[in-house]
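Me: Could you go through this one with me? I'd like to talk about its surface and its charged pairs.

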Amino acid sequence: MAGMTTGLNPATRLARWGMAAITVGIVLGATLPTFGAGIVHALGTNAANLPWYAERTFAFLAYLAVWGAVVYGLLLSTKILDAIAHRPVTFALHQDLAIGGLILAGIHGGLLALDRTMPFSPLQIAVPFLAPYLPLWVGVGQVAFYLTAVVVLSFYVRRHIGQRAWRLLHYLTFLAFLGAAGHGLLAGTDSGARWAWWLYVGTSASVAFLLTYRIVLAAGSRGRRDLAADQRTRPAGATRLVVPVEVEIGA
């Protein structure tokens, strides 16, 4: 409909941020005491294992950020988010999630140098497939990190390389997510836990669903464009020739 705008009403911005702040406050108030007690206990009894706990935490945070970036990108391409948020806002969130995932993954990798349970040298952290532990699947995660870095860099050179090249580079996001999921499932120390397994399966399924939906939408749009082009190029008054076909059924 002409003149209709999409996105949340700017007049309700203060109320939305206020509700978000209250929600965050309730969550933090309910969880911080337990979390703080756990940290104090870990510092007192398992100080040597803190790098290991930290790298696992940052690994999951990085994976969820990359998953969020992929999901946001698919929702942007299908225009689903246009009904609830303005496109510049959602695009900025998509970009920020990718950057956040890259930073968190970098911290996860850097913490491996501090972990005494399975020491990694700087070379083994930086170069894929040299890890002392499951080199193949750790290497897959390292490659996913570098692919994410390329995608993040593409945001900053978009104007210079053009929209088409930027879109082609953006497809690397799917490879990065696939690599991160494989790395987590097959190299992560928590992948044997039911909750971690369902986390990887659930996030992967959501990406597969949205990607399939995006492909179906693109195919339908292309079909409509081809039909419109055919109608424009057909001579005025021309009709299709219908040839009757006899079909014999049975022996």
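Reply: What follows is a short exchange about a predicted model, taking a nonpolar patch and then a salt bridge.

Me: Which residues make the nonpolar surface patch, and about how many Å² is it?
Reply: The patch covers about 840 Å² and is built from Phe129, Leu134, Leu136, Trp137, Val143, Leu185, Leu186, Trp197 and Trp198.

Me: And which helices supply at least two residues of it each?
Reply: Those are α5 (135-156), α8 (172-187) and α9 (194-233), and the largest share, three residues, comes from α5.

Me: Where does phenylalanine 129 lie?
Reply: Phenylalanine 129 is in the loop that runs between α4 (122-126) and α5. Its relative accessible area is 44%, so it counts as partly exposed, given that this class spans the range between under 20% for buried and over 50% for exposed.

Me: Changing topic, how many salt bridges does the structure hold?
Reply: There is one salt bridge, formed by arginine 56 with aspartate 190, whose closest N and O atoms are 2.7 Å apart. The pair links distant parts of the chain, since arginine 56 sits in helix α2 (residues 50-77) while aspartate 190 belongs to the loop between α8 and α9, 134 residues apart.

Me: Is aspartate 190 buried or exposed?
Reply: Aspartate 190 counts as buried, because its relative accessibility is 14% and the cut-off for buried is under 20%.

Me: What about arginine 56, what is its relative accessible area?
Reply: For arginine 56 the value is 22%, which means that this residue is partly exposed.

Terms used
Residues numbered from 1 in each chain as written. Predicted model: local features only at pLDDT ≥ 70, side-chain atom pairs only at ≥ 80, totals over all residues. Heavy atoms only, no water. Patch = residues over 30% accessible without salt bridge, like charges linked within 9 Å, V, L, I, M, F, W, Y side chains within 5 Å. Areas by Shrake-Rupley, 256 points an atom, 1.4 Å probe, with all protein chains shown as cover. Salt bridge = Lys/Arg side-chain N within 4 Å of Asp/Glu carboxyl O. Helix = DSSP H or I, 4+ residues; strand = E, 2+ residues; numbered from the N terminus. Buried < 20%, exposed > 50% of the residue type's maximum accessible area, 1.4 Å probe, protein only.
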